Amino acid sequence: MTAMRWFFLLILLASWSVSASEATWCSNHVYRKQDLAWVKQIRISNNLNHYRLDFQLSKPNTMHGKAPSFMILMREPSQKFGFSAPLWNFMHISVNDIPISCLDVKETDFSLWKKDDAAGVDLALNFDGVKMILRFFMRDDSPVLWGMLENKNSLSVSGTSVQFYAIPSFLPGSRLEGGYGRFAITPARTVGMSRRDVSLTPDDKYLLLGDEKYKLPDVKNSAGPCLLAFSYDELAFASLSMPDSYMSKISVTLKNDFKCFKFGLWETEGIYTNQEAAEYIGKNPERFRLKENRVNEK
Amino acid sequence: MNRVSLVSVVSAALCAVVPFFSSAQDLNNPALNPVRRTGELSKHDPIPLLANKKSNFAIVYDFNSEKDLSSLRKSIHNGVNALQKAFRNCAGIDVPLLDASDVEGQKKYRFLFLIGKSAITDSLGMKPLELPPEGFEIKTFEKGIAIVGHDGSIESDAYSKIDSDRYSINGTQNGVYDFIERFMGVRFYYPGIGTIWPEVSELSVPPLHYYDWPEIKNRYQYLLSCGNIKKSLQNEDVGNPQDADLGFEEYWRSAVGTRYQSSHAPVPQAWLKAHPDKADMMFYRARNGRLYYEPRQNTGNYIDVTNLDVADLFIQDCVKYYATNGKDCGPWGGRFTPNPLYVTFGQADTFMSFMDNDTIEKLKLIPESRKNSRTGMLSDVYARFYIAMGREIEKSLPGKRLTVIAYHNYLEAPVNPEYRKFPENIDVQICIYGMPLYINNQETVKTSLGILKDWYEVLGGRPAVGMWLYTANSDLFARAVSGLLVGDVQKTLGKYMGKENLFLDLYNNKVDWDLYSSWYVAYRSLWNPDFDIKAALHEHWPLLYGNAAPYLEEFSSILIDSWKKQSADPENKKVYTPAVLDRLEKLLADAERSLAPDSIQMKRFKFFAKRWPAAISAKRKILFFEKPVYGIKFLKDSDSVNIDGKITEPCWSVANVMKMNNPMGEEPKRKISVAPRFLWNKDGIYAAFVTDAVPFADKNKTLWNNSNVEMFFSSGLDLNDYFHFAVDALGQVACGQRTLKPVDTPYNGNWKCPGFRYAVSIDSGKWCVEAFIPFSGLELAAPKPYSCWYANFILNEKSEPEEYLSYSLTLGNNHNVKYYGLIKFLGKE
């Protein structure tokens, strides 16, 4: 067992007891800050894990016709792969064919909050009059970054979709011979790579996204699997796109009358095997379980 | 200090202490006009004109010469005055004047300084009329020095009553200025403190004999007249020069040395006044019914060059003019009237992007290959017209020549073989945009040479005899270098460019004297394209700036090198880098630090440097240019806007206010506040410009000369086309459209936007333009919420203090689409 793995297990042991979650604005290095109109960075943490999200608006491309674009980036904990870099957007939302990237998001649209056993950030969104709240938070008892998209309108909304993007594992170049070995483990099944999208069902409560070729011990740039969980209560349709390629995508289409779509993302700073990750999730089901109605009452 | 700078400082210091005259005898001073030809030297000792500021010579000329001529044409007298003034200013002596016939008087002086043709110069074998017009000969002889030029004043028939007042052949005058520069060290860089009259106590002239004459015959710049110089100077900046020291036309040899002339003539209003019943025949009427006659200015008029009766009418007027010896001159309105050799025709200065009528259609005067050509669409139309005029002149006015212009979209030579044989009596003046600024750009040179060679063929092996050259309008970096490239234009275009006329358009209706170095060498280069610009500038830095010379010389070198690189590759983003701009700023700072605060060098430096900090700052902004983004709020269904010129509706109060800036990237002067606001709904865009100023609004002026606002929209982000709206404070309006892709086509000023509405109000020190631009009028669907368009908005406030503001950069060109900002159509609240 490598020193790194011992360190990871020590963290798991040390974090057995719960601690208060916290959400704070922070200031870290920003790649090509000169290209951004503004950036807001938030750190949401508890003793079990921490996440850093960067919300940023790009400036219009100087000469060649790109409009300003709003982006949500995950920069920590893994710092590389999973839902983090090099992805620019791990989450796309579209309402009535209006993508979140083109909205007129302002710095004043964010608010930090803390309540009882959770803390996070709310972002007020306006899709041409359709008001929504996008929330990211951590519970004291969970290493997951929980989120929800709440419809603040009384009227039903047609055509709301969300896409999550992930790079399940990083493989050094030598491992790429013969292609990837992507997989998604759900409570109900294991899904392999496919050219076609795979429909997801309520039994697929979460998806542990990884790659068979990823094995420890490995080079220092390795990165392990990550997890996405979401509620099917207000979904019209969900699918997984996991071809033999770098990036995987989970798409959900929300019901017209949806009120609140809940989801959770998990990745860690430490390096661990596919099996260790699966065991950790299996042994700690409460930590990875969506909890109904708690944060709605914020 | 680096090595180069140190060397320059030392040489500048040496220049200050070495007696002037020791180097002044050199005919080959590279800082001056190259001497074209030397002659056989007389054998005699050097002539000591001055010894310890004492002289023993007199100026001798023919007192009876140049009677009844205007002062401009008195070459000999002007030369005498210039020479006297030089000795007065440099040596403090008044040189006596003697008539050429005063033999006894001449005996009292050891030496004579002969100016202009006289019996004495004839006896010396000087034959000025064998020189090219305006040329001169300078030679010494045992008894003195003679300067004799080819002057119009010594020819019996040089000037006619119907010649232009500006026409003058002043060789002797040119020779005197050559002498006082070459041998007395006088330099005329700019008025006042920019003119060097060195103290000369010793002046000994060795045997010499040389000739010189100009390359370009018409080197005239009207902005160099005394009156215009006075208008362009902030006199206190340059030491309050006297009127008598503003003779830069003479100093810079700017002259009309030929009868050849070319311009926009006749004056449309004057011509119509002479034929008040012929407006419909004389001026072009578009298919939509618009007659292109504009009573208020030249632009906007368009003589119907498809109608050969118009050509006949013009020639008939010329015949009358000659028959009455110029008395019947009404059609010309005092400008570019026919002269003894030339009849001048030039279309009004209007760009006609689309021209179409039955004649064009029937005769197929717009060839397929030239449709939408920015430089050749109407070439055949004009060629047909010019040829008809030329042939009529052959018949009606034998011996006269016709000058015409190749301009705008009739710049290129015609295509149709029928029109590719011009009569011998037609001379063409070419307007190639991009010269001299882009003379280092291979593509521009190739295109320009292609056009000139084609004309050379059409004109039967003759070049287009004249050209217009264009400096940069507002970019100081380009403008400061433009004059330095004038000689390169002549050398590059070679035999395909004629020598009759090169007109350097300085824009802005004034000479900006802080850029004197650019203009000084430009006019030197018109005299001789081989003028050594580098040597001239190198000589002048220490003369004007003392210790600061090395810094300013490097500053100038960077400007020159940078522009040459930029013009060679306009897309090169690595020319005016932050490091280059930092260096320029540091050189100015070092130059200032090197000078004593109250010195004349410091005063000159302040004058030289005053515009550069802002220009460098602007360049830096351009380098880091970011498109502004303005969010247009969506107009609620419950709200409405009444287009009445008043923004009283509550919805205007929630509209975002657009920030306006300096269009050149400089710090906004914000003398005037303008608050544009925009709203939109599915039908169109609502615009309101409220300006805190009493507008300039004169009904006798066109929209462009009154206070006005302009709006430019390009839907989406592909820059396929753009739409242009302009409204002035009187409610005059202009609309236009230009397609950019897939084929870049000319601006269409005839485009109309159905449903466009606007209203103007003027009220207690404010004026407001309110407008509605319907999407249907642009033939566009309403944009999707949150989508973006390119746009720019301009305020041209013409009341004092004048203000020019824009939403995004224009760099002086409001149609500069690549710098347009963005407008974002926000969704419902």
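**View 1. Contact between chain A and chain B in the predicted model.** Chain A contributes 20 residues to the contact, and chain B contributes 17 residues. The size of an interface is often given as the accessible area lost when the parts come together. Here chain A and chain B bury about 1500 Å² between them. Carbon and sulfur atoms account for 59% of that area.

**View 2. Salt bridges and polar contacts between chain A and chain B.** Two salt bridges are found across the interface of chain A and chain B. A:K59 forms a salt bridge with B:E626, with 2.4 Å between the closest N and O atoms. On the side of chain A that touches chain B, eight residues are nonpolar, seven are polar and five are charged. Between chain A and chain B, seven residue pairs are in polar contact, counting pairs with both residues at pLDDT 80 or more.

**View 3. The open sheet of chain B.** Seven strands of chain B make up this sheet, in the order β1-β12-β7-β8-β6-β4-β5, with mixed pairing. Strands β1 (37-38) and β5 (97-99) of chain B are the edge strands, and each pairs on one side only.

**View 4. Pairing of β7 and β8 in chain B.** Strand β7 of chain B covers residues 136-141, and strand β8 of chain B covers residues 144-149. The two strands pair in the antiparallel sense over six bridges. B:I138 has B:I147, in β8(B), as its bridge partner.

**View 5. Helix α3 on the strands of chain B.** Helix α3 (residues 75-91) of chain B lies across β4 (57-61), β5 and β6 (111-115) of chain B. Helix α3 runs at about 165° to β4(B).

Key. Residues are numbered from 1 along each chain as its sequence is written. Chains are lettered from A and ligands numbered from 1 in the order in which they are written. This is a predicted model: local features need pLDDT of at least 70, side-chain atom pairs count only at pLDDT 80 or more; totals for chains, interfaces and linings use all residues. Side-chain values use heavy atoms; hydrogens and water are left out. Two strands pair if DSSP finds at least two bridges between them. Helices (H or I, at least four residues) and strands (E, at least two) are DSSP runs, numbered from the N terminus. Contact means heavy atoms within 4.5 Å. Axes are lines fitted to C-alpha atoms, for helices over the stretch in contact, and angles run from 0 to 180 degrees between N-to-C directions. Buried area is the accessible area (1.4 Å probe) that two parts lose on being put together, summed over both. A salt bridge is a side-chain nitrogen of Lys or Arg within 4 Å of a carboxyl oxygen of Asp or Glu. A polar contact is a pair of N or O atoms within 3.5 Å; within protein, one must be able to donate a hydrogen and the other to accept it, and residues adjacent in sequence count only if both atoms are side-chain atoms. Ala, Val, Leu, Ile, Met, Phe, Trp, Tyr, Cys and Pro count as nonpolar, Asp, Glu, Lys and Arg as charged, and the others, Gly among them, as polar.
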